[in-house]
Amino acid sequence: MSDSQNNLDKLRHTLAHLLARATLEHYPEAKPTLGPPVDDGFYYDIDCGDTEFSEDELDKIEGTMKEFLDDWELFRSYDVTADEAREFFADNEYKLELIDDIAEAGDDITLYYSGPKADAPEKADLLESDDTIFRSGFVDLCRGGHVDTPNKDISADSFTLDTVAGAYWRGDEDNQMLTRIYGLAFATEDDLDEFVVNRKKAKKRDHRTLGQELDLFTFSDNVGPGLPMLLPNGEIIRNELETYLNNIKEKHDYQFVNIPHIAKRKLYEKSGHMGKYDAMMPTFTDDSNTEYVMKAMNCPHHFEIYNSRQKSYRDLPLRIAENTTVYRNEKSGELHGLTRVINLMQDDAHHFIRPDQINDEIQMILDIMENVYGTLGFGDYEIQISVRDADSDQKYFGDDKIWKRAESILVDAVNERDIPYEKVPGEAAFYGPKIDVMVSDALGRQWQLTTVQLDFVQPDNFDMTYTGEDGEDHQVVVIHAAILGSFERFMGVLIEHTGGDFPLWLSPTQVALLPVGDDHEAVTDDIAKNLESAGIRTVIYGPDESVGKRIRNVHENKVPLFGVVGDDEVDADEITVESRRDDIDDITTEIDGVAERIQELIDNTDN
Ligand SMILES: [Zn+2]
Ligand SMILES: [Zn+2]
């Protein structure tokens, strides 16, 4: 976690304490349970008994939070025994349950007071009291992780209470239903305002809504959640993206392969994925009792392809690419539109290289990445170097020396490009560190898309070698790379980034033709045929509706270009193709030349 994220978490966690305290001011009988920081803010789950709690209450509670924040000068911690903690929280069955869990895990138990310095109790006084409240101060069971000086470190304008929802205690529907109060919190008021504005915009651009409105994809209960099906419009986009990417890869000497979507369970035991990943899904056991699973990654198949023939140093770099679907047993609660799905078609590639080729290969992949995201209209990106978590190296394969070497190679490669990066522990793949590229969308949200993983471990697992110039066998180095990540997720991001106004070359329909009346249909049909034979995706909106209504449809369906065909056009043998977008100029041309002019627009990927 970065420093700024860490500070934000502390701030949000602090505000959760303040929220609990402020809620108790208005509902003294309420029982606070748990209140963690989350993305964008914090929440607290509170048992409000029979009290009906509505969003109208939030203003009141927020006002109290801001009032109390002024006096909150510090946090003070108290180490207590399990029994002391139990006695202190005797009336709160939720805290008692948490105390039992902490005690059972053998962890230390701490209470935290937060509030005015003058009211901070000594431990003996605290334990004697049977209340968690000391004037505006508050005592909670907590592991720590707060800001030091709440009234100085938190601006009252940088947070707000947001929504109220029901939540079962510990997410179990057999348990008591609690009131969950969500707050938004950021480092500054500007950050908060920006978030609120962007959230409104994001709602309008939600890819699940736009996906339906623009007929891009659908879900079916019978097929299952998390299993999107692309409709013709969506498949046009996916297919265009795939062709575009494949063309680039062909220019860089990638070779395309095709693998089955299942493999013996044993393959993933060999790679180490089995056991490290819960994502594997069994498919069947054959008549010889061999177990097969759906592939959740493609690496082991591609390794077997590498090993199918002995390679020489002259064969390297060998770049194997494939756009192929993997299947991941995601938790149903985490599925989300196209961005979190069970089936992901990855634009996967494995680079088999000699040690002296590592840096050039990484630079090439990053060049491709910059080119692709530039073309697709994404501006900014940041780089994260995901490394091991020093505390838990048993999660990772390979010895320390190899990891340190791999990490320093990635750092050098990124430094060579003069791109700032952030090192994030704990995010590495189990076989090696990786460069993760976080791409910013039009609303400033970051998406982790491109990934480049350096792997010295699997070549050992799979005994992947090449014959060197010296005639000896040497271990190959593997780079795993995906530019888009997965087509599904990337399309979800692209829909939200563009708000459905796709680049012209990706638009499912590129031109709509509107014959004014029946008399103009024949000419319009001719123009449409002409455009379609040039590969331009064209629709005709027929004269059974008014021209005004049809132009509204053009806008609703986000068709980038349209042309009206009436008497004037037929008489002058000329058509004006209007652009619905500011960044593309209208064109007027003789009817015969229209396909060529539109093709020019499409070929310019800036459009
Ligand atoms: Zn705390
Ligand atoms: Zn891989």
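**Exercise 1.** Find which residues serine 114 is in contact with, leaving aside its neighbours within four places in sequence.

Solution. Start from the position: serine 114 lies in strand β5 (residues 109–115), where strands are DSSP runs of E of at least two residues, helices are runs of H or I of at least four, and both are numbered from the N terminus. Next, apply the contact criterion, heavy atoms within 4.5 Å. With neighbours within four places in sequence left out, serine 114 touches His17, Trp72, Leu74, Phe75, Gly137 and Phe138. Buried means under 20% relative accessible area, exposed over 50%, and partly exposed in between, with a 1.4 Å probe and protein chains only.

The model is predicted: local features need pLDDT of at least 70, side-chain atom pairs count only at pLDDT 80 or more, and totals for chains, interfaces and linings use all residues. Residues are numbered from 1 along each chain as its sequence is written, chains are lettered from A and ligands numbered from 1 in the order in which they are written, and side-chain values use heavy atoms, with hydrogens and water left out.

**Exercise 2.** Identify the donors of the zinc ion (ligand 2) and place its histidines in the fold.

Solution. Donors are N, O and S atoms within 2.8 Å of the metal (3.2 Å for Na, K and Ca); water is not among the atoms, so sites may look incomplete. By this rule, Cys299 (SG), His350 (NE2) and His480 (ND1) coordinate the zinc ion (ligand 2) at 2.0 to 2.3 Å. Along the chain, the donor spacing reads C-x50-H-x129-H. The histidine pair links distant parts of the chain, 130 residues apart: histidine 350 is in strand β18 (residues 343–353) and histidine 480 in strand β25 (residues 477–486). Histidine 350 is buried because its relative accessibility is 0%; histidine 480 is buried because its value is 5%.

**Exercise 3.** Describe the lining of the second largest pocket.

Solution. A pocket is an open set of points on a 1 Å grid over the protein atoms alone, with protein on both sides within 12 Å along at least five of seven lines; lining residues have an atom within 4 Å of a point. The lining holds 22 residues, with Ala30, Asp91, Asp130, Asp131 and Thr132 nearest the centre. At least two lining residues come from each of α1 (3–26), β1 (31–34), α3 (82–88) and β7 (137–141).

**Exercise 4.** State how many helices and strands the protein has, and what share of it is buried.

Solution. The protein has 20 helices and 30 strands. Of its 607 residues, 53% are buried.

Terms used. 1 Å grid on protein atoms, 1.4 Å probe; cavity = no way out; pocket = protein on both sides within 12 Å on 5 of 7 lines; lining within 4 Å.
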